[in-house]
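Reader: Could you walk me through this one? I'd like to start with the overall build and then move to the ligand.

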Amino acid sequence: MKLTIVGSVAFDAIETPYGKTDKILGGAGTYISIAASYFGNNSNIISVVGGDFPEEYINLLKNKNVDTEGLQIKSDKKTFFWSGKYHKNMNSRDTLITELNVLGEFDPIVPDSYQNTDYLMLGNLSPEVQMKVIKQLKKRPKLIVTDTMNFWMDIALKQLKEVIAEVDVLVINDEEAQQLSGEHSLVSAAKVISAMGPSYLIIKKGEHGALLFKGDKIFSAPAMPLVSVQDPTGAGDTFAGGFIGYLAATDDISFNNMKKAIITGSTMASFCVQEFGTKAIENLSKEEINKRINKFTDLTHFDNFGL
Ligand code: AMP
């Protein structure tokens, strides 16, 4: 199944209570692509970098069976750079620097070889860029999943709602769901957001897991309780990568399979946070992933009972 991923490919500099990095490989598109690569997919990436972006990072993606024809290289420009610092509790962070550079004027181009894509993952970028990709596809993919953030709700709500109306699955966090819907209860928020178009809604609750909504059906997945979290950067994107990677590989978009995809996403995210940047998800084995999926099963399983 063809999987196409749209998202930033970046340099990040990260500071958490456990350490600090210089410019390292980052970007939502990077995390999504790496996470999705573990399920036997050949995926495509649509993004842009500058001439300062190391070949070594591009090769890392290629080695994960990511086709980079849609990765534009603007040789006279600089790559997008983001820097963030996490607070003591790691649940919140301050953005210290955002240098849009090449991302500021990003005009996504879908290569011919990416047409007929079955699964489309729109990472967190401007709704205008997300829509440009949707519009260039001659055949509507079987499933379109989109991520977004409060920033776009603040400055481009109308365009964001147009994108939301076009997609099948919207992935957002709890605060964003409350902002988008104007509702405090996540169940009420899900009703309001579902009425905007997407058949499925995923609300991420950070270290408290994620909820999947479809009509009146709800599935709740925990996050893996971990002893040590070094760096939460990219956890949401890695979750999305595991989610769509599993769906594309199994080619089954039923509610039941989406539950498994959510557990897969949570599994991949649980690896991501254990080291800085993409390090922890770069070289995972099938055995390690399966072991953690089994842990999730044990964590959540109980026999049906009643009084
Ligand atoms: P997350 O921790 O899931 O919010 O994702 C972090 C990643 O998003 C980092 O690797 C950044 O490079 C990337 N990022 C941060 N701000 C932006 C932005 N305005 N547009 C696109 N990507 C961004």
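Author: First a term: a residue counts as buried when its relative accessible area is under 20%. Also, this is a predicted model.

Reader: Fine. What share of the 307 residues is buried?

Author: Buried residues account for 54% of them.

Reader: And how many helices and strands are there?

Author: The protein has eleven helices and 15 strands. Its radius of gyration is 18 Å, close to the 19 Å from the globule rule for 307 residues, so the protein is as compact as a globular protein of that length.

Reader: What box do the C-alpha atoms fill?

Author: Roughly 70 × 45 × 35 Å, along the principal axes.

Reader: What about the accessible surface?

Author: About 14,100 Å², with 49% of that belonging to carbon and sulfur atoms.

Reader: On to the ligand. Which residues come nearest?

Author: There are 15 residues around the ligand, and S8, D12, G27, G234 and D237 come nearest.

Reader: Which atoms of D12 and the ligand pair up, and at what distance?

Author: A polar side-chain atom of D12 is 2.4 Å from a ligand oxygen. In D237, a side-chain N or O atom lies 2.8 Å from an oxygen of the ligand. G27 uses a polar backbone atom, 2.7 Å from a ligand oxygen.

Reader: How much of the ligand does the protein bury?

Author: The ligand alone exposes 510 Å², and the protein buries 85% of that.

Reader: Which elements give two or more residues to the shell?

Author: β2 (10-16) and α8 (235-250) do.

Reader: How do the shell residues divide?

Author: Into five nonpolar, seven polar and three charged.

Terms used:
Residues numbered from 1 in each chain as written. Predicted model: local features only at pLDDT ≥ 70, side-chain atom pairs only at ≥ 80, totals over all residues. Heavy atoms only, no water. Near = heavy atom within 4 Å. Polar contact = N/O pair within 3.5 Å; in protein donor to acceptor, adjacent residues only side chain to side chain. Areas by Shrake-Rupley, 256 points an atom, 1.4 Å probe, with all protein chains shown as cover. Helix = DSSP H or I, 4+ residues; strand = E, 2+ residues; numbered from the N terminus. Nonpolar A, V, L, I, M, F, W, Y, C, P; charged D, E, K, R; others polar. Rg over C-alpha atoms; globule rule 2.2 N^0.38 Å. Buried < 20%, exposed > 50% of the residue type's maximum accessible area, 1.4 Å probe, protein only.
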